[in-house]
Amino acid sequence: MATPSLAGRTVAVLTYPGMSVFETGIVTDVFGLPRPELDRAWYDVALCAREPGPVPVIGGASLHTPHGLDVFARASTVVVPGVSDVTADVPPDVVAALRSAHRRGARVMSICSGAFALAAAGLLDGRRATTHWRYADLLRRRFPAVEVDPDVLYIDLGDVLTSAGSAAGLDLCLHVVRRDHGAAVANAVARRLVAQPHRDGGQAQFVEAPVNTVADDAVARSMDWAVAHLDLPITVETLADQARMSSRTYLRHFARSTGTSPIRWLIGRRVQASLALLETTAAPIEQIARAVGFESPATYRHHFARAMRTSPATYRRAFRTSGAAGGPGPAAHDRGTTRN
């Protein structure tokens with residue numbers, strides 16, 4: 001199923017009693033704030049409830065919305081930022097609205113426990129999905145037809161997207177902006193939010209280990225150096241030298257700090273760095289591969305396909321075809337399956 005056109009760019013967010021406003025705030029900040037500096041049509045956000053009116057939220061306040069599930073079901077992108085009770089049945093009218101939106105071709109997204117609503121609607125049957133790590137086992141037990149992956153930040157199946165705990169929702173929303181508008185716009189939005197422009201969906205969502213600030217700062221410095229020198233040959237030993245650690249110690253601290261390995265992270269950064277070159281230049285694929293540090297065009301194409309679920313040439317054609325308003329949006333784009 002193709003990515004929805006921005007011609008119908010309404011993003012509808014489901015609100016519910018007892019919700020935290022953080023997840024909703026993520027969605028409204030990314031998609032709802034005006035972006036006049038980008039000089040392009042942006043999204044229209046609608047907060048929706050089962051019944052229009054006041055919605056009590058955590059902290060004793062109330063959020064008032066005039067929009068009901070009819071508006072939710074008609075949007076081009078619908079977002080469920082959580083459910084009120086992960087052990088309870090999802091209301092039938094919410095299930096019906098999600099199914100209606102999906103049948104109509106809407107992009108359906110969940111943040112954190114919102115995956116339970118998507119699962120209840122049958123949108124995740126036989127498909128990979130993620131949720132907050134603490135709910136993963138329960139999601140698997142309640143909905144055995146869902147292939148639950150608790151070890152990733154988000155999964156994009158094209159028509160249905162799921163993310164892990166609250167902050168991963170920000171990663172997913174920025175990923176959607178990248179899909180719709182390209183890397184430069186997504187990076188600009190991230191700068192406005194003072195957020196990291198991109199975290200790979202396959203990154204671990206939870207690493208249970210104490211934080212060593214000094215060591216992690218050294219790892220961060222080595223990562224900054226690598227990003228500035230992607231065109232150079234970079235090995236684990238190179239990065240460890242930048243951090244002034246042994247390779248073995250560096251590997252341990254890197255995994256604890258990032259939830260992934262140095263090589264996997266480096267490949268992801270190189271693929272990401274190539275996106276802007278594909279989007280904004282006519283440089284040959286071979287030249288782009290060299291510019292971001294891949295040993296050969298074949299190696300670049302291999303890792304690009306694993307990360308982006310398409311080829312560099314197809315990505316470039318899709319981006320150019322979609323023009324200024326859209327991005328590549330491959331239907332089977334699944335960052336959560338990236339494994340290097």
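Which residues in helix 6 meet helix 7?

## The helix pair

Leu-170, Leu-174, Val-177, Arg-178 and His-181 of helix 6 do. Their partners in helix 7 are Ala-183, Val-185, Ala-186, Asn-187, Val-189, Ala-190 and Leu-193. Contact means heavy atoms within 4.5 Å. By class, this contact has nine nonpolar residues, two polar and one charged. Here Ala, Val, Leu, Ile, Met, Phe, Trp, Tyr, Cys and Pro count as nonpolar; Asp, Glu, Lys and Arg are charged; the others, Gly among them, are polar.

Helix 6 spans residues 166-181, and helix 7 spans residues 183-193. Their axes come within 7 Å and cross at roughly 145°. Axes are lines fitted to C-alpha atoms over the stretch in contact, with angles from 0 to 180 degrees between N-to-C directions. The crossing is right-handed, with the near helix turned clockwise from the far one by less than a right angle.

## About the model

This is a predicted model: local features need pLDDT of at least 70, side-chain atom pairs count only at pLDDT 80 or more, and totals for chains, interfaces and linings use all residues. Residues are numbered from 1 along each chain as its sequence is written, and side-chain values use heavy atoms, leaving out hydrogens and water.

Strand 1 covers residues 10-14, and four of its five residues are buried (under 20% relative accessible area, 1.4 Å probe, protein chains only). Helices (H or I, at least four residues) and strands (E, at least two) are DSSP runs, numbered from the N terminus.

Strand 1 pairs in parallel with strand 2 (residues 44-48) over five bridges. Pairing takes at least two DSSP bridges. Thr-10 stands opposite Asp-44. Strand 1 also runs parallel to strand 5 (residues 77-80), joined by three bridges. There, Val-13 has Val-79 as its bridge partner.

Notes: Buried < 20%, exposed > 50% of the residue type's maximum accessible area, 1.4 Å probe, protein only.
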